[in-house]
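Me: Could you take me through how to read helix packing, a sheet, a chain contact and domains in a model like this one?

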Amino acid sequence: MMFTRSAEQQQFASSLHDLLAAADVPGAARRWADGDHSPGLALWRKLAGLGVTALAVPARSGGLGASWLDVVVACEELGHHAMPGPVAESAAAVPELIAALADERLSARWLPGLAAGDLIATLALPPWLPYAADADAAGLVLLAGPGAVRLATAGTRHRSVDPARSLWQARGNEVLAQGAAAAGAVARAREAGTLACAAQLLGAGRALLGASVSHAGRRSQFGRPIGSFQAVKHQLADVAIGLEFARPLLDAAASTLAPRDVSAAKVACTGAAQRAARAALQVHGAIGYTQEHDLHLWLTKVRALAGGWGSQAEHRARVMAAIADGSLAWN
Amino acid sequence: MTPDTGGFRAEVRDWLCAHVPAGPLPPVDTAEGFARHRAWERELAAAGLSVISWPPRYGGRGASLREWLVFEEEYYAAAAPVRVGQNGLFLLAPTLMRHGTAEQCDRLLPPMGRADEVWAQAWSEPEAGSDLAAVRASATRTEGGWLLSGTKTWSSRAAFADKAFGLFRSGPGRHDGLTYLLFGLRADGVTVLPIRQLGGETGFAEIFLDGVFVPDEDVVGSPGDGWRIAMSTAGDERGLSLRSPGRFSAAAARLVELWRRAGGAEADSLRDRVVDAWIGAQAYRLHTFATADRIAAGGTLGAEASLGKVFWSELDVALHETALDLLGPRAELRDGEEGRWLDGYLFSLAGPIYAGTNEIQRTVIAERLLGLPR
């Protein structure tokens with residue numbers, strides 16, 4: 001296999017970047033935080049126009065049946081721009097869950113809408129995802145347990161550290177699938193959602209580094225840009241190193257979707273994004289500690305996603321379980 | 001994820017399995033150990049495995065970067081002896097192939113590949129460490145060549161090696177007054193004083209030069225062009241060629257095995273660090289293969305090499321510290337399996353210092369990759 005992203009994938013990322021950069025995503029995120037989803041949903045439809053929502057949907061259900069690396073490329077860009085809404089859920093986990101249930105009736109009911117971007121989905125997957133994110137903006141809410149997948153309705157609302165994200169208790173209703181088939185599909189969905197979440201984190205980390213570099217070049221103290229001070233340079237160099245070496249794990253996880261690789265990617269992307277967030281806040285100083293500055297949209301999203309789709313401890317445990325069984329092959 | 005390298009991996013694995021000495025050789029930085037390691041290099045060379053990535057005319061087999069990485073993985077996995085010629089193989093050879101003359105390549109590379117001539121590096125001086133351009137050892141023009149005078153220090157392998165390469169001041173300009181020269185460590189006017197390293201072996205030496213004659217044919221590139229050439233060597237050193245991922249993949253696999261056998265509360269509390277070391281080794285491996293693909297497709301490795309240098313050197317320290325913490329009270333033992341971890345740990349501690357300290361690398365990353373103001 002190749003270890004680098006293709007020219008098409010790089011072109012796709014750059015088209016998404018252009019679209020989002022021109023779209024005032026921070027403005028949409030602020031409105032989302034105030035309970036007005038309309039600018040965010042309009043953006044969602046624009047993304048659908050570029051195929052983002054169809055990537056994880058099989059071709060026979062109206063989707064693109066793209067590779068997981070394509071999904072990663074898209075989710076990384078969405079994270080880069082702090083796109084509000086249930087990104088990992090609707091663009092990766094739920095399409096994979098429904099497709100993996102292999103029930104024609106369920107596929108026909110929801111997959112075409114998800115692919116077209118008309119339907120936004122979210123899910124709770126306890127204990128990894130105790131709440132369904134942004135269920136109030138979703139047309140489909142699921143409750144995925146090991147024993148059954150149920151249609152759900154939004155119950156009690158909880159606030160997230162990320163103002164552009166709300167968390168909802170999922171009340172399970174109609175059983176859509178159960179038994180071994182459900183368990184297998186939920187396991188697949190868990191890997192897909194975790195992978196997408198890791199990609200968002202990497203993208204958010206890149207954005208935080210970019211914002212920090214740009215701020216450090218502009219902001220002067222003691223008569224010189226603060227970015228010329230070695231203490232600032234070295235912090236940001238460490239951020240760059242963390243992001244640089246998280247990406248290959250992410251891409252490898254996309255090619256296998258194996259628990260060991262997905263967890264390694266989530267651990268590394270979370271660590272890199274959290275380091276980027278801490279450094280970004282430190283470099284921005286007091287202005288970064290406000291809601292006036294857009295930086296908070298990325299800082300809080302990183303904190304929210306860092307624990308989402310499984311804690312660091314849980315993912316490290318999964319990696320160890322996979323590597324400590326005596327088979328140490330580097331494949 | 002295993003790179004497709006056909007039967008090459010199997011060939012290397014089989015050969016190493018049949019030939020790698022059962023126990024560790026005596027330390028490379030002792031007279032006996034150096035000789036034993038040189039003999040091992042000759043065995044590798046006879047099997048056509050000492051310099052696989054070199055062109056056949058110099059003793060290589062023109063292997064691709066990917067094949068070289070696979071070779072390295074197998075080499076470390078087999079716990080084969082440290083490469084006594086590595087300064088020459090991984091630093092000087094790429095420089096000669098890029099900047100040397102055909103005559104120099106024909107004359108110097110084949111004996112280097114067979115370890116008939118082992119090379120030491122002679123960069124640092126007492127007053128020129130991170131600030132390498134501050135070198136004072138001089139090259140003065142004379143009939144048919146140059147006369148070298150001054151002091152070089154922290155020269156790895158110089159206590160037992162045959163020849164050395166380094167930068168000398170041939171003119172006043174800070175950067176354009178430097179010339180890249182090769183000299184014999186047993187030539188007239190050379191005194192080599194071994195220095196014991198942290199672990200006790202004489203892995204370093206100080207080299208005193210007093211009017212040492214070097215013929216024109218042993219100048220690499222043009223006089224005054226040494227800085228540019230040395231920086232391209234430093235790029236190789238920081239990049240793919242100095243620390244291939246095999247070292248960390250093999251060490252991480254051994255660390256996981258050590259953890260598994262340790263068990264108990266000690267192991268529980270260290271689990272996350274073991275996992276992080278494994279993830280780091282995996283990240284470096286995947287990253288390196290991606291870089292190899294990029295280079296094979298015509299890309300180049302510039303300041304990006306600094307990202308890798310900081311990453312692997314810190315990973316190496318963290319990995320070995322974790323192993324020693326797992327060993328607990330037995331970590332201080334210098335013999336047996338514990339001693340191998342301790343040796344690895346002591347070796348890892350040098351990583352953040354050599355080939356440009358990690359502070360220099362972070363500044364390079366900040367200024368050249370991120371574009372922060374100087």
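The dialogue below goes through these features in turn.

Reply: This is a predicted model, in which local features need pLDDT of at least 70 and side-chain atom pairs count only at pLDDT 80 or more, whereas totals for chains, interfaces and linings use all residues. Residues are numbered from 1 along each chain as its sequence is written, with chains lettered from A and ligands numbered from 1 in the order in which they are written.

Me: At what angle do H1(B) and H3(B) pack, and how far apart are their axes?

Reply: Two packed helices are described by the angle between their axes and the distance between the axes. Here helix H1 (residues 8–19) of chain B packs against helix H3 (residues 65–77) of chain B at about 30 degrees, the axes being 9 Å apart; axes are lines fitted to C-alpha atoms, for helices over the stretch in contact, and angles run from 0 to 180 degrees between N-to-C directions. H1(B) and H3(B) are therefore roughly parallel (angles under 35 degrees count as such). Phe8(B), Arg9(B), Val12(B), Arg13(B) and Leu16(B) of H1(B) make the contact with Glu67(B), Val70(B), Phe71(B), Glu74(B) and Tyr75(B) of H3(B), where contact means C-beta atoms, placed from the backbone, within 7 Å. By class, this contact has six nonpolar, no polar and four charged residues; Ala, Val, Leu, Ile, Met, Phe, Trp, Tyr, Cys and Pro count as nonpolar, Asp, Glu, Lys and Arg as charged, and the others, Gly among them, as polar.

Me: In what order do the strands of the open sheet in chain A lie?

Reply: Helices (H or I, at least four residues) and strands (E, at least two) are DSSP runs, numbered from the N terminus, and two strands pair if DSSP finds at least two bridges between them. The five strands follow the order S1-S3-S4-S5-S2 with mixed pairing, and the edge strands, each pairing on one side only, are S1 (121–124) and S2 (132–133) of chain A. Two bridges join S2(A) to the antiparallel S5(A), with Ala132(A) opposite Trp168(A).

Me: Which helix of chain A gives the most to the side that touches chain B?

Reply: The contact takes 33 residues from chain A and 34 residues from chain B. H8(A) gives the most to the side of chain A, with 12 residues, and that side has 23 nonpolar, seven polar and three charged residues.

Me: How many residues of domain 1 of chain B are in contact with domain 3 of chain B?

Reply: In chain B, the domain assignment (bounds from an automatic or database assignment) gives domain 1 (8–84), domain 2 (119–233) and domain 3 (239–369). In domain 1 of chain B, 10 residues are in contact with 13 residues of domain 3 of chain B.

Note on methods: Angles under 35 degrees count as roughly parallel, over 145 as roughly antiparallel, 65 to 115 as roughly perpendicular and the rest as oblique. Two residues are in contact if their C-beta atoms, placed from the backbone, lie within 7 Å.
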